[in-house]
Amino acid sequence: DYQFNIVRCPPPAKAVLALSDICNSLRVTPSNAGIDYPETEFFWNFGEAAKAPNDTSFSRSPSYTYSKAGTYTIKLVVNPFTKCADSTTKTIRVSQLKADFTSSRDTCAGFPVDFTDKSTSSVNTPVTNRDWNFLDGSKSTQANPTHIYTAGGNYNVRFVVTNSIGCKDSVVNVVKIIQEKPVAVAGANDT
């Protein structure tokens with residue numbers, strides 16, 4: 001003798017997370033890219049243990065704001081608490097990236113100007129690429145380049161940084177280059 005238990009399931013649903021890493025925001029708005037129906041129920045866990053149990057939602061299209069940048073595992077369950085549930089997880093990185101740099105003081109044309117990258121990125125997403133545009137036709141990808149301007153003027157130096165997940169940020173700072181080189185003038189000799 002065999003006994004079969006028949007469970008009535010809603011139409012079969014499939015959980016598939018449509019989500020990628022997040023740049024320069026702490027807000028995430030995931031969605032189910034799988035199969036679901038109007039009667040499908042949802043349960044989301046955003047994986048921020050410090051805010052549990054307030055890091056969950058039963059909404060079809062939730063929105064969640066993390067308290068800080070980091071790496072989080074999001075779990076989606078369709079038709080939760082039923083024998084017909086399906087679930088999936090996805091780990092995402094939430095990154096904050098801020099481009100910044102300093103340059104040595106104003107200098108004369110023909111003398112070196114030192115540039116220093118002062119950018120900040122989340123610990124889990126370090127800066128991997130740097131693009132400097134010195135606005136005189138010269139560029140660099142070094143972290144802390146030195147550049148010599150041959151003509152005086154105000155140069156709007158553009159600096160773009162990219163981190164390990166492809167987030168980008170940029171900043172423009174003015175560098176003032178003086179055209180005239182200082183000239184030493186000898187005075188009368190008082191002997």
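## Close-up views of a predicted model

**View A. Asparagine 79, a buried loop residue.** Asparagine 79 is buried, with a relative accessible area of 4%. The model shown here is predicted. Asparagine 79 sits in the loop that links β8 (70–78) and β9 (86–95). Its phi is positive, about 55 degrees, although asparagine 79 is not a glycine.

**View B. Phenylalanine 81, an exposed residue in the loop between β8 and β9.** Is phenylalanine 81 buried or exposed? Phenylalanine 81 has 72% relative accessibility, so it counts as exposed. This residue also lies in the loop between β8 and β9. Phenylalanine 81 is not a glycine, yet its phi is positive at about 65 degrees.

**View C. Threonine 40 and what it touches.** Look for threonine 40 in the loop between β4 (31–32) and β5 (42–45). Its relative accessible area is 7%, so threonine 40 is buried; the cut-off for buried is under 20%. Which residues does threonine 40 touch, not counting those up to four places away in sequence? They are Ala13, Arg60, Val78 and Asn79. Asn79 is the buried residue of View A. The side chain of threonine 40 also reaches the backbone nitrogen of tyrosine 37, at 2.7 Å.

View D. Asparagine 54 has a relative accessible area of 63%, so it is exposed; exposed means over 50%. From asparagine 54 to tyrosine 64 is 10 residues in sequence. In space, the two lie 9.9 Å apart, C-alpha to C-alpha.

**View E. Strand β19 and its pairing with β18 and β12.** Strand β19 covers residues 168–178. With β18 (residues 153–163), β19 pairs in the antiparallel sense over 10 bridges. β18 and β19 form a hairpin, with 4 residues between them. Glycine 166 in the turn has a positive phi of about 90 degrees. β19 also pairs with β12 (residues 107–108), in the parallel sense, over 2 bridges. Here the bridge partner of cysteine 108 is isoleucine 178.

**View F. A nonpolar patch on the surface.** Which residues form this patch? Tyr2, Phe4 and Ile6 do, with about 520 Å² of accessible area together. Phenylalanine 4 lies in the segment before β1 (17–18). At 69% relative accessibility, phenylalanine 4 counts as exposed.

Key:
Residues are numbered from 1 along each chain as its sequence is written. This is a predicted model: local features need pLDDT of at least 70, side-chain atom pairs count only at pLDDT 80 or more; totals for chains, interfaces and linings use all residues. Side-chain values use heavy atoms; hydrogens and water are left out. Patches are made of residues with over 30% relative accessible area and no salt bridge: like charges are joined within 9 Å, nonpolar side chains (Val, Leu, Ile, Met, Phe, Trp, Tyr) within 5 Å. Accessible areas come from the Shrake-Rupley method with a 1.4 Å probe; for residues, only the protein chains shown count as cover. A salt bridge is a side-chain nitrogen of Lys or Arg within 4 Å of a carboxyl oxygen of Asp or Glu. Buried means under 20% relative accessible area, exposed over 50%, partly exposed in between (1.4 Å probe, protein chains only). Two strands pair if DSSP finds at least two bridges between them. A polar contact is a pair of N or O atoms within 3.5 Å; within protein, one must be able to donate a hydrogen and the other to accept it, and residues adjacent in sequence count only if both atoms are side-chain atoms. Contact means heavy atoms within 4.5 Å.
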